[in-house]
Protein chains: 2
Amino acid sequence: MTLNYAKRMDNIRASEIRELLKLTQKPEVISFAGGMPAPELFPIEEMKKITQKVLEEKGTTALQYGPTEGYLPLREKIVERMAKLKVDLTVDNILITSGSQQGLDFAAKVFINPGDIIVCESPSYLGAINAFKAYEPKFIEVDTDEEGMIMEDLEEVLKNNDNVKFIYVIPDFQNPSGKTWSEERRIKLVELANKYNVAIVEDNPYGELRFEGEFLPAVKHYDTEGRVIFLGTFSKIFCPGLRLGWVAADEEVLSKFILVKQGADLQSSTISQMELAQFLEEYDIDKHIEKLKEVYKRRRDLMLKTMEEEFPEDVKFTYPEGGLFTWVVLPEHINARDLAVKALEKNVAFVPGGSFFPNGGNENTLRMNYSNMDEARIVEGVKRLAQAIKEMM
Amino acid sequence: MTLNYAKRMDNIRASEIRELLKLTQKPEVISFAGGMPAPELFPIEEMKKITQKVLEEKGTTALQYGPTEGYLPLREKIVERMAKLKVDLTVDNILITSGSQQGLDFAAKVFINPGDIIVCESPSYLGAINAFKAYEPKFIEVDTDEEGMIMEDLEEVLKNNDNVKFIYVIPDFQNPSGKTWSEERRIKLVELANKYNVAIVEDNPYGELRFEGEFLPAVKHYDTEGRVIFLGTFSKIFCPGLRLGWVAADEEVLSKFILVKQGADLQSSTISQMELAQFLEEYDIDKHIEKLKEVYKRRRDLMLKTMEEEFPEDVKFTYPEGGLFTWVVLPEHINARDLAVKALEKNVAFVPGGSFFPNGGNENTLRMNYSNMDEARIVEGVKRLAQAIKEMM
């Protein structure tokens, strides 16, 4: 039997990360591959109290269907949270999604006809690239420097292509590069989007995980015409297992996302939304985030220091000011996919960088995560990886 | 600012049910509109114990990312459950989804190019129609009688159209009609799908809610070539608030759904899946289902009896053997959308039937739900509705 699938299925391949993660579930593997938070920091005791309270006080609501837009008190909490990040919104700008991954899928569903163009940073988040590919876009990658996407290159692209639908960016501690955009570039990005009438999809899972340097408002803060679609998530600042994120957008734009949500899965889990709202009511999530930052900063420092000491000199890597990742560029003749095989033999895992470039190439790059392994494993893992690199020099 | 949306967005409108549900949230409204289970039957005390246990024993796993396919012990429980329904599968045939609604969206995403044909019962579930529309199919409706879809008509359609991708059916206590397919039709459906090489999407949220009559295996039981994609859900037999359903399919077909799941939202909630698996381990869900059936049967009996007594004679309705809905056909000159307005003035709600026909028409029909209102409100609501109908005769 051979069924006849949709054309879009030709574009969708298994994510290299998810496939790798399967191999890395053996306890002996030191994995820098996923983007997983440190499970030992999850607020389990608080969650135990919260789940009892929600079921005790509002059990029938929690287990029933709820509105597509999401649980109102949670949307209110998100409005408060975004105000702290200097983005002024009302609940009518907020849709609850099942992680920000769902927001990525919806963005493409709302905007992309086959052949339409998505502009993204080079490299960009592979989970976004994979979600977008289901809608058969073309990707144009724009290079970045230490301040973010290069605006002259972006304008060149916008000037020469009339079917760009949105610019996809991760301005804070980018996945995978770890880079952060300057304020100037954020402002200029909005100006160009206004000038060429395109949307901006701002993916911001790590913005609150800044270890040092100056706070910068989200691109959405600089939005003058309501064309920035902000994707937020509780996966990195709270727990990914609840699968809760949000889309913040202009009301008319958001109405399209709400329609898409209705068809996609009606609504996100009522009980999870109520638990999260209750947590945000009763506990200080900022204090929780402080604890995360302390631990992740220590791990980042240790990873970078060990890489400095152990990696051959012509291996380059980024110094992220926050977030979960650093990005490694190997000498051009080393293929990171081959290196991954060699590293796995030494029970060390990372994600080869090639899949972060939608149009291919750059096989001498890789992404390293530092949030999920303890300090001893970080040192040991980087040493083994350095050994594997040296064997390929 | 006017952004340029994808063409598919022209097809997607707000679901009439969801919009109606908003109006019906006032406590004074007697609503037969939604498909909501009776909240007073939710196993809240059991859930309180379960949530504690899961967080106590496996908290870090429950709050972390998990596999795209779903939590393995839950998939194992579903395999057991489906064996009881006479469908033999392994865990490799099971993908956990966020409600069966997500399975509907994925089915269209996996199979439908713009212009491809979906064959469905006439009428069919409006949430499915809306999910499918995002992929720009054509719909061909096939009439049904008391035994299900009319097979001669179906074969005519399959013979004359070479781009039918799948046949979408709800063989048990259909939404909205309440009808159940005979065994003969189930077998014939598979034969025709084999002959014309199309897939079958079997949506089965109500199959376990049979109040009387003989148990009939799912269409998937009769599947000889792995072309039946079965969509299951815990929303009607447990709680919808967790948003957990599943796709059961041939391994190769399922691999496509898994890829789509990865892009759509990575995975369903880890903690909800673990809670459900724990519930199925510790408690007897069949006993819980028995209780649901007892209550819903009583409500169905009362609704039908009151309709017999109160409705004018030329209003017809179905006698479902299970599930949540009965289907009402008014005299042709009465438009159910107008009736809905009049009924809402009397604080009674239902869903006008027109939206259950993807190609329109049939505005003299409506769907009534009997699971969500208590007995006194059922009697009172049907009486008021009868009054509204009489005012339009």
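Predicted model: local features only at pLDDT ≥ 70, side-chain atom pairs only at ≥ 80, totals over all residues.

Reader: What makes the two copies count as related by a two-fold rotation axis?

Author: Look at how chain A is laid on chain B: the turn is 180 degrees, the shift along the axis is 0.0 Å and the RMSD is 0.0 Å. The two copies are therefore related as by a two-fold rotation axis. In chain A, the C-alpha nearest that axis belongs to A:Thr51, at 3.4 Å.

Reader: How do you know that the same surface serves both copies?

Author: Check the contact residues: 100% of those in chain A recur in chain B. The contact takes 66 residues from chain A and 66 residues from chain B. To count as in contact, two residues need C-beta atoms within 7 Å.

Reader: Which elements of chain A give two or more residues to that contact?

Author: They are helix 2 (44-62), helix 4 (99-111), helix 5 (126-133), helix 8 (251-265) and helix 9 (270-282) of chain A. Helix 2 of chain A gives the most, with nine residues. By class, the side of chain A that touches chain B has 31 nonpolar, 23 polar and 12 charged residues.

Reader: What are the domains of chain A, and how far apart are their C-alpha centres?

Author: Domain 1 of chain A covers 7-43 + 287-392, and domain 2 covers 44-282. Those bounds come from an automatic or database domain assignment. The C-alpha centres of the two domains lie 24 Å apart. Their contact takes 33 residues from domain 1 of chain A and 36 residues from domain 2 of chain A. On the domain 1 side, helix 10 (285-310) of chain A is one of the elements that give two or more residues, and helix 10 of chain A gives the most, with six.

Reader: Now chain B. Why are strand 2 and strand 5 of chain B said to stand at the edges?

Author: Eight strands of chain B form an open sheet with mixed pairing, in the order 2-9-8-7-6-3-4-5. Strand 2 (94-97) and strand 5 (148-149) of chain B each have a single partner strand, so one side of each is left without a neighbour in the sheet.

Reader: How do you know that strand 4 and strand 5 of chain B pair?

Author: Pairing takes at least two bridges, and two bridges join strand 4 (residues 138-145) of chain B to strand 5 of chain B. These two strands run antiparallel, with B:Asp145 opposite B:Gly148.

Reader: Which helix of chain B lies across strand 4 and strand 5?

Author: That's helix 6 (residues 151-160) of chain B, which also lies across strand 3 (117-122) and strand 6 of chain B. Helix 6 runs at about 160 degrees to strand 4 of chain B.

Conventions:
Residues numbered from 1 in each chain as written. Chains lettered and ligands numbered in written order. Helix = DSSP H or I, 4+ residues; strand = E, 2+ residues; numbered from the N terminus. Nonpolar A, V, L, I, M, F, W, Y, C, P; charged D, E, K, R; others polar. Least-squares fit on C-alpha atoms with pLDDT ≥ 70 in both. Axes fitted to C-alpha atoms, helices over the stretch in contact; angles between N-to-C directions.
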